[in-house]
Amino acid sequence: MDKKIKEQRSVWMKKNLGKRQRAAIEKKMTYFMTKSIKEITGKGPEVIKSKIDKNKIYIHLEGFLTPLEQSILNQDFDLYHDLIKKLRESFVNTNKQFFLEGIGEIIGHPVELTHLNNDLKNDKGIITFDIQQNK
């Protein structure tokens with residue numbers, strides 16, 4: 001992607017958001033994701049942080065595994081790692097539209113889920129969204 005397109009895609013950040021506004025939006029996204037994950041899985045993350053950076057949104061999660069998932073992984077991490085990873089990917093994909101609509105409504109622009117990284121060994125994860133400026 002050339003530099004001009006990148007600048008156009010992040011223009012909404014430069015024009016519309018000051019530091020306080022950005023912090024308020026990040027706080028709303030954090031609340032939305034925490035509440036949603038807790039309602040769907042029965043347990044919310046222990047720590048969750050949302051960060052807007054140009055045309056990307058990063059949701060950092062810590063302590064998101066349920067007691068059942070932790071128990072299964074503690075029995076034999078190597079054996080059950082792929083199973084729990086698929087379960088978590090399925091959780092996000094099943095609820096993808098809900099997350100896209102919720103985050104999009106908070107920031108006032110459509111978003112697309114572009115990356116999901118779960119570090120099950122350390123009970124941490126990152127969900128990345130791209131802000132779709134021209135849709």
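Trainee: Where does lysine 54 sit in the chain?
Mentor: Lysine 54 is in the loop between strand S1 (47-53) and strand S2 (56-62). Keep in mind that this is a predicted model.

Trainee: Okay, and what is its phi like?
Mentor: The phi of lysine 54 is positive, about 55 degrees, although the residue is not a glycine. Most residues other than glycine have a negative phi.

Trainee: Is lysine 54 buried or exposed?
Mentor: Lysine 54 counts as exposed, because its relative accessibility is 56% and the cut-off for exposed is over 50%.

Trainee: How far is asparagine 122 from glycine 63?
Mentor: In sequence they are 59 residues apart, but C-alpha to C-alpha the distance from asparagine 122 to glycine 63 is 8.3 Å.

Trainee: Let me zoom out. How many helices and strands are there?
Mentor: The chain has 6 helices and 4 strands. Starting at the N terminus, the order is α-α-α-β-β-α-α-α-β-β.

Trainee: What share of the chain is buried?
Mentor: Of the 135 residues in the chain, 40% are buried.

Trainee: And how many of the contacts join residues at least 24 apart?
Mentor: Taking contacts between residues at least 6 apart in sequence, 53% join residues at least 24 apart.

Trainee: Switching to helices. What span should H3 have, and what does it have?
Mentor: H3 has 23 residues, which at 1.5 Å a residue should span 33 Å, and its end C-alpha atoms are 33 Å apart, so the two agree. H3 covers residues 19-41, and glycine 42, with a positive phi near 90 degrees, follows H3.

Trainee: Which residues of H3 are buried?
Mentor: The buried ones in H3 are Ile25, Glu26, Met29, Thr30, Phe32, Met33, Ser36 and Ile37. They pack against S1, S2, H5, H6 and S4.

Trainee: H6 is in that list. How do the axes of H3 and H6 cross?
Mentor: The axes of H3 and H6 (residues 96-107) come within 10 Å and cross at roughly 155 degrees. Angles over 145 count as roughly antiparallel, so that is what H3 and H6 are to each other. Their crossing is right-handed.

Trainee: Which residues make the contact?
Mentor: On the H3 side, Ile25, Lys28, Met29, Phe32, Met33, Ser36 and Ile40 take part, and on the H6 side, Phe98, Phe99, Gly102, Ile103, Ile106 and Ile107.

Trainee: How do those residues divide into nonpolar, polar and charged?
Mentor: The contact of H3 with H6 has 10 nonpolar residues, 2 polar and 1 charged.

Trainee: How far apart are leucine 100 and proline 110?
Mentor: Leucine 100 and proline 110 are 10 residues apart in sequence and 7.3 Å apart in space, C-alpha to C-alpha.

Trainee: Last one, helix H5. Which of its residues are buried?
Mentor: In H5 the buried residues are Ile84, Arg88, Phe91 and Val92. What covers them includes H3, helix H4 (67-75), H6 and S3.

Trainee: And how far does H5 reach?
Mentor: H5 (residues 77-94) has 18 residues and reaches 24 Å from its first C-alpha to its last, close to the 26 Å expected at 1.5 Å a residue.

Notes. Residues numbered from 1 in each chain as written. Predicted model: local features only at pLDDT ≥ 70, side-chain atom pairs only at ≥ 80, totals over all residues. Heavy atoms only, no water. Axes fitted to C-alpha atoms, helices over the stretch in contact; angles between N-to-C directions. Helix = DSSP H or I, 4+ residues; strand = E, 2+ residues; numbered from the N terminus. Parallel < 35°, antiparallel > 145°, perpendicular 65-115°, else oblique. Left-handed = near helix turned anticlockwise from the far one by under 90°. Contact = heavy atoms within 4.5 Å. Nonpolar A, V, L, I, M, F, W, Y, C, P; charged D, E, K, R; others polar. Expected span 1.5 Å × (residues − 1). Buried < 20%, exposed > 50% of the residue type's maximum accessible area, 1.4 Å probe, protein only.
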